Amino acid sequence: MTYDKELEFAQNLAREAGKIMLEWFKKGTNKEWKSDTTPVTEADFAINRMVIERIAATFPADNVLGEEESSDNGGLRTWVCDPIDGTVPFAHGLPISTFVIALVIDGAPVLGVVYDPFLDRLFYAATGHGAFMNNLPIHVNEGSLKNSVVDATGFSLKGNMAGRNPNFISELHNRGCIVTTAWSSVITSMLIANGQYTAILTSSPHPHDGAASKIIIEEAGGKVTDLFGNEQRYDQPIKGIIASNGVIHNEVTLLVNSK
Amino acid sequence: MDYSKELDFAKQLALDIGDIMLEWFYKGTTAEWKSDNTPITEADKASSTLSMQRIQATFPSDAVLGEEDQTSRKATRTWVIDDVDGSLPFKNGVPTSTVSIALTVDGKPVIGVVFHPFMKNLYWAQLSGGAYCNDKIIHVSDSTLHHGLVELADIPVHSGFEILDIHGDFYDEIVSCGAKATAMWSCILPGALTAAGLYTAVVFNREKPMDGAALKVIVEEAGGKVTDLFGNEQRYDQPINGFVASNGVVHDELIALLSAKARLTIQQ
C-alpha cells in the first residue's frame with residue numbers, strides 16, 4: 001500500500017497552512033492586530049477550516065480529527081491535524097511552531113507531514129519509505145543521555161506528575177542531559193528525527209501531538225510510545241508521549257515511571 | 001551625550017554577524033558539515049573575529065568584552081558582546097539564537113542592539129532615546145504574572161547553580177501564579193520579546209554580562225526594568241549577579257519569589 005496521492009496532498013496543504021501561519025505571526029509580533037481574538041486563534045481556526053474543506057473535497061470518505069474542529073463520516077481513515085502546534089511560542093513571538101497532519105488508519109499513523117514555515121523545513125514520512133526533510137533522508141542520532149538534549153514541556157512537579165516520578169527532570173540533569181521547555185513538542189520531535197534532539201516528553205492527551213511524530217520518528221529510526229512505554233492508538237485521547245532516538249527510550253521510560 | 005555613530009556601527013555589525021549565523025545554522029541543519037569543528041564553533045569564531053577587528057579599527061581606544069574574545073586593556077568604554085547567544089538551540093536546529101551588542105560607559109549600557117536573524121528583527125535602543133524593533137517603537141506589556149510568559153534561563157530545574165541555588169519548585173511557583181515558563185537556553189531573544197511586549201520577563205542565573213548588557217538598555221527604554229537577581233542595579237562590564245529583565249509590572253514579585261525560593265550563595 002502506498003500513499004503517494006495522500007502524501008502529496010498533505011505536503012501541499014502544509015505549505016498553504018504555513019503561509020497563513022507566517023502572515024498571522026507577523027501581525028502578532030508587529031502588534032498590527034486589534035481585536036478580541038488573538039492572531040494565534042485566528043490562524044488556528046482559519047487553517048483548521050481549510051483542512052476540513054480540502055479533505056472533504058479530495059477524500060470525502062475520510063474523517064478529520066482537528067484540534068479546533070472535526071468531521072466524522074464514520075470512515076476507516078482519519079486525518080489527525082494540529083493547525084498550529086506551539087501556540088504559546090506563536091503568541092509570544094518565538095518562531096518555533098509547526099503545522100501538523102497525519103493519516104491514521106485503525107489507530108495507526110501511516111503518513112505524517114510537519115511543516116516549519118519559519119525555516120521552510122518540511123518533514124514527512126510514510127510507512128516503510130523512510131523519513132525526509134525537504135527531500136533529504138533524515139535519521140535519528142545514536143546519542144546516550146549524557147550530553148543529549150531533551151524537551152520536557154507541561155510537567156508540573158505537584159500537578160500532573162502525580163503517580164509518576166516527580167523528580168525525573170532532575171534525574172535527567174544528573175545523567176548529564178540538558179532539558180529544554182519549548183512548549184512546542186512537534187518541532188522538537190522533528191529535530192529528533194533529524195538527529196539533533198534526543199528525546200521529548202509530554203503529558204499531552206491530544207492525539208495530534210503524537211500522530212505525525214509517531215510515523216516520522218520511527219521511519220527515521222527512533223521510537224515513540226505513551227508515557228508508560230506502551231504503544232497506543234492515535235485517533236482518540238492519548239496517554240502522553242515519549243519520543244526518542246530509540247537508544248535512550250527504555251532508560252527515559254524507567255526514569256519517568258520509577259517511584 | 002550622543003551615540004548615534006556607535007549605534008549605526010553596532011547595527012551594521014549585528015546584521016553582518018546575523019548573516020554568518022544563518023550560513024552556519026543551515027549547514028548544521030542539513031548535516032552538510034563534516035569536520036572536527038561544529039557549525040556553532042565556526043559561527044562563534046567567525047563572528048567574534050569580525051567584531052573584534054571592526055571595533056579595533058573604528059574605536060581603537062575602546063575595550064571589548066566578548067564571549068570568545070576580549071581585549072586585555074581596561075577602558076571607560078567597553079563593548080560587551082555575545083556573538084551567538086544560544087549555542088544549544090543553534091546546535092540543535094531551534095531558531096532562537098541572536099547576536100547582542102552593547103556599549104557600556106563606566107559599566108552602564110548606553111546603547112544596545114540585538115539582532116534575531118531568523119526573523120530579521122533588529123531591536124535597538126539608546127539611553128533616553130526609546131526602544132525600537134526595525135525602526136518601529138516598541139513597548140513592554142502590562143501583563144501580570146497571571147497571564148505572563150517567563151523565560152527561566154540557566155535555572156536548571158533542580159541542579160547546578162551559578163548565582164542562586166534556586167529550589168526546584170521555583171518553576172512550580174511561577175506556574176501556580178498562573179504564568180507559563182519556557183526554558184529555551186537562549187535568554188536574549190525572550191528578553192528582546194519582553195521589550196516588544198510579547199514576553200513578560202526573563203530570569204537569568206549566570207555571571208555573564210554579555211547576556212544582560214544590551215537588554216538592560218533595550219528593555220528599560222521600552223518601559224521595563226532590569227536588575228540583578230536581588231533587585232539591585234549593577235555594572236555590565238564585569239561578571240554580574242544574574243539578572244531579571246521584566247515588563248516592570250511583575251518585577252518586584254519575581255524578585256520576592258526568587259529570594260523566598262533561593263538559598264543565597266554569594267554576598268549581595
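Predicted model: local features only at pLDDT ≥ 70, side-chain atom pairs only at ≥ 80, totals over all residues.
The surroundings of I216(A) can be listed in detail: leaving aside residues up to four places away in sequence, I216(A) touches G112(A), V113(A), V114(A), F123(A), Y124(A), A125(A), A131(A), M190(A) and A193(A).

## The sheet of chain B and its helices

In chain B, seven strands form an open sheet with mixed pairing, in the order 1-2-3-4-5-6-7. Strand 1 (63–66) and strand 7 (136–137) of chain B stand at the edges and have a single partner strand each, so one side of each is left without a neighbour in the sheet. Strand 6 (residues 131–133) of chain B runs antiparallel to strand 7 of chain B and is joined to it by two bridges; within strand 7 of chain B, I137(B) is the bridge partner of Y132(B).

Helix 6 (residues 213–221) of chain B packs on the sheet, where it touches strand 2, strand 3 (98–105), strand 4 (108–116), strand 5 (121–126) and strand 6 of chain B, and its direction makes about 95° with that of strand 4 of chain B. Helix 2 (residues 39–58) of chain B lies across strand 1 and strand 2 (77–85) of chain B, running at about 160° to strand 2 of chain B.

## Salt bridges

Over all chains, the structure holds 20 salt bridges. One of them joins the side chains of D120(A) and R15(A), at 3.0 Å from N to O, and this pair links distant parts of the chain, 105 residues apart: D120(A) lies in the loop between strand 5 (108–116) and strand 6 (121–126) of chain A, whereas R15(A) belongs to helix 1 (residues 4–29) of chain A. D120(A) is partly exposed, with a relative accessible area of 38%, and R15(A) also counts as partly exposed, at 37% relative accessibility.

In chain B, the side chains of E233(B) and K216(B) meet in a salt bridge of 2.7 Å, N to O. E233(B) is in the loop between strand 12 (225–227) and strand 13 (243–246) of chain B, and K216(B) is in helix 6 of chain B, 17 residues apart. At 55% relative accessibility E233(B) counts as exposed, while K216(B), at 6%, counts as buried. Elsewhere, salt bridges that share partners join E6(A), D62(A) and R77(A) into one network.

Methods. Residues numbered from 1 in each chain as written. Chains lettered and ligands numbered in written order. Heavy atoms only, no water. Pairing = 2+ DSSP bridges. Helix = DSSP H or I, 4+ residues; strand = E, 2+ residues; numbered from the N terminus. Contact = heavy atoms within 4.5 Å. Axes fitted to C-alpha atoms, helices over the stretch in contact; angles between N-to-C directions. Salt bridge = Lys/Arg side-chain N within 4 Å of Asp/Glu carboxyl O. Buried < 20%, exposed > 50% of the residue type's maximum accessible area, 1.4 Å probe, protein only.
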